[in-house]
Amino acid sequence: MRNLVTSVAAAAVALAGSAAFAEDVVVKWLHQQGSEEVREYWDKLAADYSARTDGVTIEVQHIESQSFKAKLTTLLQSNDAPHFFYSWGGGVMQAQVDSGTLRDVTAEMGDGWADTFGEAAVGAFTYKDKIWGAPYLANLVGFWYNKQMFADAGVVAEDIKTWDDLLVAVEKLKATGVVPIGLGGMQKWPTHFYYTHLMLRIGGQQGFVDAVNEVGDGFAGETYIRAGQEFKRLVDLDPFQPGFVAADQNNMYGALGDGEHAMQLMGSWLYGRQKSKSKDGIGLTDDELGWFPFPMVEGGAGTAEETLGGINGWLFHKSAPAEAVDFVKYFLSNEVQEDMAKRGWIIPVARGADAAIADPFQSEHSARIANSPYHQIFYDQMLGPDVGLVVNDMAAELAVGNVSPEDAAAEIQDAWLDR
Amino acid sequence: MATVEITNIEKYYGGYHALNDINVDIADGEFVVLVGPSGCGKSTLLQMIAGLETITGGELRIGGDVVNYLPPKQRDIAMVFQNYALYPHMTVGQNMGFSLRIRRDPADEIKAKVERAAKILNLDQLLDRFPRELSGGQRQRVAMGRAIVREPQVFLFDEPLSNLDAKLRLSMRTEIKELHQRLKTTTIYVTHDQDEAMTMADRIVVMNTGVVSQIGAPLDLYDRPANTFVAGFIGSPAMNFMDGTIQGGKFQAANGSSWALPSDAKVTEGQRCTFGVRPEFVEAGGDVAAKVIVTEPTGSETQIVADMGGEHFTCLFNERIAAQPGDTLKIGADPEKCHVFDIETGLRL
Amino acid sequence: MQSEPLDPGLRKPWNFVLLYKYLVLGFVTLLIIAPLITTALGGFKSAADLRTNPFGLPTVWHWNQYTDILLGIDYWRYMGNSMLISAISVFVTLLCSTLAAFTFAHVKFFGKEFIVGYLMVGLLFPVATAILPLFVKVRDMGLLNTYWGVILPTSAFSLGMSILLMRNMFEKLPRELLSAALVDGCGYIRFFWHITLPLSRPILATVGIIAFVASWNQYVLPLILLNSEERYPWPLGIMEYQGEFTTDWHLILAFVTLTVIPAIVVFLATQKYIVAGLTAGAVKG
Amino acid sequence: MTDTPTPNSISPPRQGFSLRPANALNREGWVTAALFLPPALLLFTLFVVLPMGEAAYFSLFKWNGFGTPEDYRGLYNYERLISRDIFKTALWNNMLVILVSVFIQLPIACGLAIILADKIPGGNIFRLLFFLPYVLAEIVAGLIWRFVYDGDTGFIAKFTEWFDLPAFYILAEQDYAMYAILAVIVWKYFGFHMMLFIAGLQAIDRDLYRAARVDGASAWQVLRFVTLPLLKSTMKLSIFFAVLGSLQLFDIIMPMTLGGPSDSTQTMVTYLYNHGFIRAKLGFGSAIGTVLFIICVVFAVVYQKGFFRDAE
């Protein structure tokens with residue numbers, strides 16, 4: 001009951017508007033962190049920082065991830081705008097820059113701060129020759145698999161070098177009666193990993209650059225049609241669990257840990273979640289869990305070394321005070337990043353902090369990203385929500401056979417031209 | 001207490017001329033009844049006096065002051081409504097004291113006034129009741145009590161008895177009359193019931209289709225109606241009318257009967273006119289033949305509806321008459337109690 | 001309830017028609033009740049129990065699933081937010097609509113019908129039509145992510161119906177009451193305060209409860225207008241909770257049950273007003 | 001006593017005075033209106049009327065929400081909208097809701113109302129029970145039914161298990177998901193419509209039934225020739241609410257399918273949210289809103305016309 005009273009009281013205060021902090025600097029921080037554990041850690045970081053610096057208060061705001069992007073645009077233009085916020089870079093950031101809502105941090109970065117990150121990481125937040133944000137973490141997508149199930153089916157992960165190999169593996173797994181692949185189809189973005197990964201393998205970096213620059217047929221071109229066709233070959237094998245269309249990805253993490261399917265194409269973040277979301281809270285141990293990169297496609301321009309993933313970081317609103325930048329510097333300092341890496345939460349981009357990564361998978365991912373000739377940022381980030389979500393839609397439609405590869409590619413091109 | 005002067009009052013609703021040049025002077029302490037059929041404008045006139053309707057033209061004075069543009073509360077009037085209009089959420093006492101409360105009178109003064117009024121109206125036992133717990137007659141008295149409490153210059157009554165049953169109506173009539181005699185407050189009373197008007201009024205204003213037909217004391221109206229409308233409206237059962245011509249110093253009706261003229265009738269030979277005979281002045285044993293259609297004995301009186309040349313003719317006898325339908329009666333009337341009107345204008349001749 | 005049956009034939013004892021009627025009613029009841037009962041019981045079950053035994057009683061009663069929610073802060077915060085938003089919305093709605101409805105019912109002035117028609121337009125349009133511009137508008141007013149940002153549009157969209165219901169009610173007050181009050185020395189404002197308001201308590205309750213229920217249950221406005229979980233009303237909260245526990249149905253069902261119980265209790269307590277209001281709203285045709 | 005009315009000679013009307021347009025009552029009326037109306041008018045204009053107009057304005061632009069709309073495109077958004085299959089699906093789904101409301105829900109509600117309008121033992125309890133789902137928030141109804149429909153743990157899972165069928169995920173089936181949602185809509189709303197019908201039935205004069213009985217009508221004929229014709233206005237009302245409800249259908253869909261799978265359960269509003277709001281295409285979304293708005297207007301006009309024609 002006291003909770004109710006306090007929250008009503010708090011609400012009343014909020015209604016009345018708070019003028020109490022007039023003297024102090026308030027830094028508003030907005031993120032979409034889903035994990036409660038991480039949120040608590042961040043709250044503590046903010047509190048620590050506030051305690052150390054006289055008169056700086058960090059006000060943490062959190063939006064549920066699904067509507068984060070939708071709301072952010074409008075939020076940035078309101079007087080409730082956060083001073084710094086989570087970003088995936090890409091097309092969304094470019095639109096924000098174009099509209100003049102962001103604060104340029106080139107000067108701060110030039111002060112040696114930029115050197116603490118990898119070049120590609122800083123590059124992800126560079127647009128029009130200026131740096132607009134600070135990179136924080138990187139991740140990549142690959143196949144996570146259940147070693148036991150693979151062994152039972154006689155599949156050797158290390159031998160899956162090509163797309164065809166993968167299809168064969170799927171058939172073998174199916175023959176043993178297990179669900180070869182788990183897929184959270186409801187959110188659509190897990191499905192788009194297949195589609196865009198195939199695009200990357202078939203078209204390579206150049207393919208994407210050409211499409212964006214509207215060379216030839218753009219996204220409706222040969223590369224993209226073929227990606228759809230290849231994906232369809234997989235779909236035709238019926239490799240996903242029944243009802244995958246309405247399956248929630250949040251469940252699928254746990255489902256892998258529970259051994260409900262043999263593999264899942266998912267980002268680095270799956271590692272921790274397959275444990276925490278599993279029924280017993282343990283999931284697959286490091287011995288039971290395996291990982292291999294998305295195989296190459298024969299005849300494709302890309303190699304298995306190119307990576308698909310994200311480089312996420314923090315952008316600054318034009319109203320951000322110097323304290324906001326200062327706090328982010330603290331947040332991204334090796335000390336903090338190493339601590340978070342140690343907990344297995346992230347693959348940090350801060351130079352040297354990756355050494356602190358405890359688990360073998362994350363180290364491998366970190367190394368792969370570092371050695372990647374081209375790190376393709378997720379399409380749905382890179383292209384902005386208007387086009388990116390169409391890519392997701394088309395991936396989902398391909399997965400249920402509602403659309404032909406040609407039409408799917410044409411639809412993406414249409415959305416790109418309409419952006 | 002005050003006089004009420006109504007001068008050249010006009011009322012238009014858009015293009016509709018509801019009241020046409022109304023002139024009535026009401027003396028201090030007088031009890032005036034506005035009477036007429038529904039739609040004649042009597043209620044509208046009352047509402048205008050109360051300030052509930054706007055006045056399109058003319059002048060209204062209460063106590064000598066022009067009040068055309070004053071809101072009701074500044075006119076120092078009180079009003080009793082047909083449906084009583086008691087506030088359902090207030091007790092009898094609160095209802096009666098409401099106007100004083102609005103005026104911000106001291107509470108003890110309100111209490112004293114309410115109790116005094118309640119005593120007058122025999123409501124002292126009911127002060128804490130709510131209107132829904134009262135009978136119709138009691139509600140009516142509360143409505144009057146509410147008016148009395150204010151000690152206004154003028155009382156306005158808008159058909160206050162029409163929602164009561166016949167018996168209660170008669171006793172309330174007496175009560176109102178008594179009250180007026182006791183308080184001597186100028187009173188304007190609207191009704192459609194000519195009986196009520198006759199018994200209660202010092203003076204009656206008969207209205208018809210937005211104009212005043214006649215103003216006068218009850219018996220004057222009865223004895224010397226100014227026109228066929230008043231003649232037909234006042235008196236019950238209604239006056240018998242016949243159209244005809246003056247022939248040989250007598251009225252020769254189109255239905256074949258022939259009647260002697262009153263001595264003061266200003267008529268000329270051959271003039272077409274309307275002749276009126278009140279049923280109660282019809283006497284048996286004249287030279288007019290009437291064929292009985294219906295006989296309605298009430299005990300003390302006998303009402304007979306007869307056929308006279310295809311028209312109904314009503315007779316009211318103070319004695320019992322054993323007439324059967326189909327019988328032929330010989331009747332006549334005292335010419336001094338008959339009326340002659342112009343056939344075109346309806347005005348008294 | 002009328003005393004006379006619609007079909008006089010019903011009065012025969014052991015009528016088969018009556019039996020069929022009860023069979024139909026029983027069947028419909030089952031369809032209505034089964035999901036609700038399963039939901040409430042599901043909150044007591046373990047995940048495994050729920051999976052193998054969705055209909056029966058829990059093999060073990062897990063009270064802690066309910067108590068955990070009740071002892072946590074989230075549930076109460078969501079409820080408190082909903083309460084705050086709904087209560088203020090109802091207050092604003094009632095304030096604006098009684099004033100307007102009174103004016104429309106009793107005051108004569110030029111252009112009244114036009115203004116009434118203008119406000120009644122609002123009856124037709126679902127809030128959803130305007131979420132995008134509303135979002136922009138609320139942002140421009142600097143009310144995004146504030147309680148007021150939700151309260152004001154909520155009230156605005158419930159004005160039409162409230163004014164309609166109340167005007168109908170006010171017009172039913174005898175006109176003589178207004179006349180009497182004017183003669184007694186009231187102006188419109190005093191009439192409103194001393195007569196109309198006290199006499200309109202039932203309709204105020206009805207309109208208030210309907211507005212409250214609508215606001216209590218609303219989802220789309222807070223969804224687009226609120227950002228921080230600290231201010232979420234319970235429908236957003238429950239979706240958040242659901243997002244966190246996805247198919248841990250036993251936990252979600254416990255949460256659902258706890259959010260539904262207040263609504264059902266309030267409904268049972270006020271059903272007379274709710275039904276009266278809905279059917280009165282029906283009168284408008 | 002003077003008998004005939006004579007013009008009173010005290011004072012002739014002063015024309016300038018008596019022609020003044022407003023008297024005290026009118027003046028006070030204006031003051032009252034000026035005091036009492038602004039709160040409602042302001043609130044309504046600001047949050048209902050202006051946004052409607054702005055939706056129409058925004059719909060002419062391509063706009064991602066940054067700054068002000070500047071990229072004027074005329075009817076471009078509408079052309080795009082009309083050429084989309086999802087738009088047709090959404091419209092059709094809204095239409096389906098209306099059809100199901102009219103042809104399935106309305107007869108059920110009417111039938112139950114006829115049973116329950118009679119005084120039968122327990123009648124009140126049945127009424128309350130049937131009305132209960134209406135009181136639940138749509139979000140909650142959606143969540144509960146998502147559980148019911150869940151192929152792993154729900155009712156359907158239990159049934160497939162009993163009959164040894166493969167697990168069936170109805171909400172994942174693009175051909176069936178919408179029907180599953182329609183069932184929930186009927187489940188949630190029939191009680192409300194039933195209450196409308198009960199109110200309508202109780203407004204019918206009992207003497208009419210007696211008269212019909214005396215005239216020799218059978219129970220069926222009474223229903224056919226007396227009850228149903230007299231319920232016509234209630235049916236219209238029921239349809240009115242069904243259409244309005246359909247046009248704003250959103251809350252139930254979101255927890256159940258989010259408009260999927262493959263957009264098969266999108267309605268106009270989920271489409272507006274998913275493709276306008278989430279994708280930051282404010283112009284496009286506003287075009288959807290405007291179309292919805294126009295549908296409302298057309299419906300209102302048709303409804304009013306129909307209503308008045310019958311009233312005459």
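Helices and strands are DSSP runs: a helix has at least four residues and a strand at least two. Chain B of this predicted model has 8 helices and 19 strands.

**Chain B in outline**

The C-alpha atoms of chain B fill a box of roughly 75 × 45 × 35 Å, taken along the principal axes. The chain has 349 residues, and 56% of them are buried.

**Strand β6 of chain A**

Now turn to chain A. Strand β6 covers residues 133–146. How many of its residues are buried? The count is 14 of the 14, so the strand is largely enclosed by the rest of the structure.

Which strands pair with β6(A)? Strand β10 pairs with it in the antiparallel sense. Strand β11 also runs antiparallel to it. Strand β8 is another antiparallel partner, and so is strand β9. The table lists each partner with its bridges.

| Partner of β6(A) | Residues of partner | Bridges | Example of facing residues |
|---|---|---|---|
| β8(A) | 261–267 | 5 bridges | A:G142 and A:M266 |
| β9(A) | 289–292 | 4 bridges | A:F143 and A:F292 |
| β10(A) | 307–316 | 7 bridges | A:A138 and A:I311 |
| β11(A) | 347–348 | 2 bridges | A:L137 and A:P348 |

Take the examples in turn. In β11(A), A:P348 is the bridge partner of A:L137. A:A138 has its bridge partner, A:I311, in β10(A). A:G142 stands opposite A:M266 of β8(A). A:F143 is bridged to A:F292 of β9(A).

**A negative patch**

Four residues of chain A form a negative surface patch: A:D217, A:E222, A:E406 and A:D407. Where does A:E406 lie? A:E406 sits in helix α18, which spans residues 405–417 of chain A. Its relative accessible area is 38%, so A:E406 counts as partly exposed. Partly exposed residues fall between the 20% cut-off for buried and the 50% cut-off for exposed.

**A buried loop residue**

A:Q32 lies in the loop between β1 (25–31) and α2 (36–52) of chain A. Is A:Q32 buried or exposed? A:Q32 has 16% relative accessibility, so it counts as buried. The cut-off for buried is under 20%.

What separates A:Q32 from A:S87 in sequence and in space? In sequence, the two are 55 residues apart. In space, they are 9.6 Å apart, C-alpha to C-alpha.

Conventions: Residues are numbered from 1 along each chain as its sequence is written. Chains are lettered from A and ligands numbered from 1 in the order in which they are written. This is a predicted model: local features need pLDDT of at least 70, side-chain atom pairs count only at pLDDT 80 or more; totals for chains, interfaces and linings use all residues. Side-chain values use heavy atoms; hydrogens and water are left out. Patches are made of residues with over 30% relative accessible area and no salt bridge: like charges are joined within 9 Å, nonpolar side chains (Val, Leu, Ile, Met, Phe, Trp, Tyr) within 5 Å. Accessible areas come from the Shrake-Rupley method with a 1.4 Å probe; for residues, only the protein chains shown count as cover. A salt bridge is a side-chain nitrogen of Lys or Arg within 4 Å of a carboxyl oxygen of Asp or Glu. Lys and Arg count as positive and Asp and Glu as negative; His and the chain ends are not counted. The place of a charge is taken as NZ of Lys, CZ of Arg, CG of Asp or CD of Glu. Buried means under 20% relative accessible area, exposed over 50%, partly exposed in between (1.4 Å probe, protein chains only). Two strands pair if DSSP finds at least two bridges between them.
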